Every structure is written in C-alpha cells, then in structure tokens.
Amino acid sequence: MDIKSAVTQLSSIAQEARLEIFRLLVQAGIEGLPAGSIGEQLKIPPSTLSFHLKELSHAGLINSRQVSRFIYYTANYAAMNGLLAYLTENCCAGVSECCPEVTSCHPEKGNES
C-alpha cells in the first residue's frame with residue numbers, strides 16, 4: 001500500500017457515519033447487508049446513506065452487489081487488512097514488545113459473527 005491509498009482510506013472513515021457504516025459491515029461478514037437495512041440500523045436517511053456508501057466504495061473499503069432489486073454492501077476485508085498492515089508495518093522500530101498484536105480478519109461463509 002502506498003501513502004496516497006492509506007490517506008484516501010483513512011479520510012473516508014474519518015467521519016462518524018461512515019465509520020459506523022464500515023464497522024457495521026465488518027460485523028455483518030461476507031454476506032453483507034442491503035442498503036435499507038444499513039440505513040434502518042444506523043438511522044441514516046437514504047440520500048445521506050447513498051453519499052456515505054459512495055465515499056467508502058471510492059476508497060475501496062466496501063464492495064457492492066445487486067441481488068434482485070436490492071444492493072448488498074460488504075466490507076472489503078483485504079483492503080482493511082492492508083490498511084492495518086500499513087499502519088503497523090514499522091511499529092516501534094521493530095521492538096515487538098511495544099507493538100500490539102494485529103490480526104487479519106478473514107471471514108468465512110457460514111462463520112460470520
């Protein structure tokens with residue numbers, strides 16, 4: 001990952017509603033959630049939600065797919081893991097005792113939490 005990509009991804013979640021959306025989608029697992037469900041759970045109006053989903057999508061942090069007349073959104077776990085790896089890449093100048101253990105998230109179908 002390069003610094004420009006990291007800045008784009010960090011700036012996309014540096015807003016309360018977008019961070020809440022992203023966290024909700026991370027929790028939802030690989031099946032994701034339809035846009036209407038995201039809006040209902042977070043109490044975000046459809047037009048506002050659409051704007052936030054577009055910003056997260058442009059940053060590469062979420063993906064979408066159409067199922068019938070619904071659009072389902074999922075977290076892009078590879079992008080999230082890449083950002084976490086970038087942020088902790090040179091942690092504590094290589095002194096492992098001071099670095100938090102960062103684990104990657106790899107959800108599997110049927111094993112979401």
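Which residues are exposed on the other side of α4? S47 and H58 are, and the views below show what lies around them. This is a predicted model, where local features need pLDDT of at least 70, side-chain atom pairs count only at pLDDT 80 or more, and totals for chains, interfaces and linings use all residues. Residues are numbered from 1 along each chain as its sequence is written, and side-chain values use heavy atoms, with hydrogens and water left out.

**View 1. Helix α4 from end to end.** Helices here are DSSP runs of H or I, at least four residues, and strands are runs of E, at least two, numbered from the N terminus. After α4 comes G60, with a positive phi near 85°.

View 2. L49, H52, L53 and L56 are buried. They sit on the same side of α4 because they cover an arc of only 100° around the axis (taken from the directions from the helix axis to the C-beta atoms). On the other side, S47 and H58 are exposed. Buried means under 20% relative accessible area, exposed over 50%, partly exposed in between (1.4 Å probe, protein chains only).

**View 3. What covers α4.** Among the elements covering the buried residues of α4 are helices α1 (3-12), α2 (16-28) and α3 (35-42), along with strands β2 (62-67) and β3 (70-75). Contact means heavy atoms within 4.5 Å.
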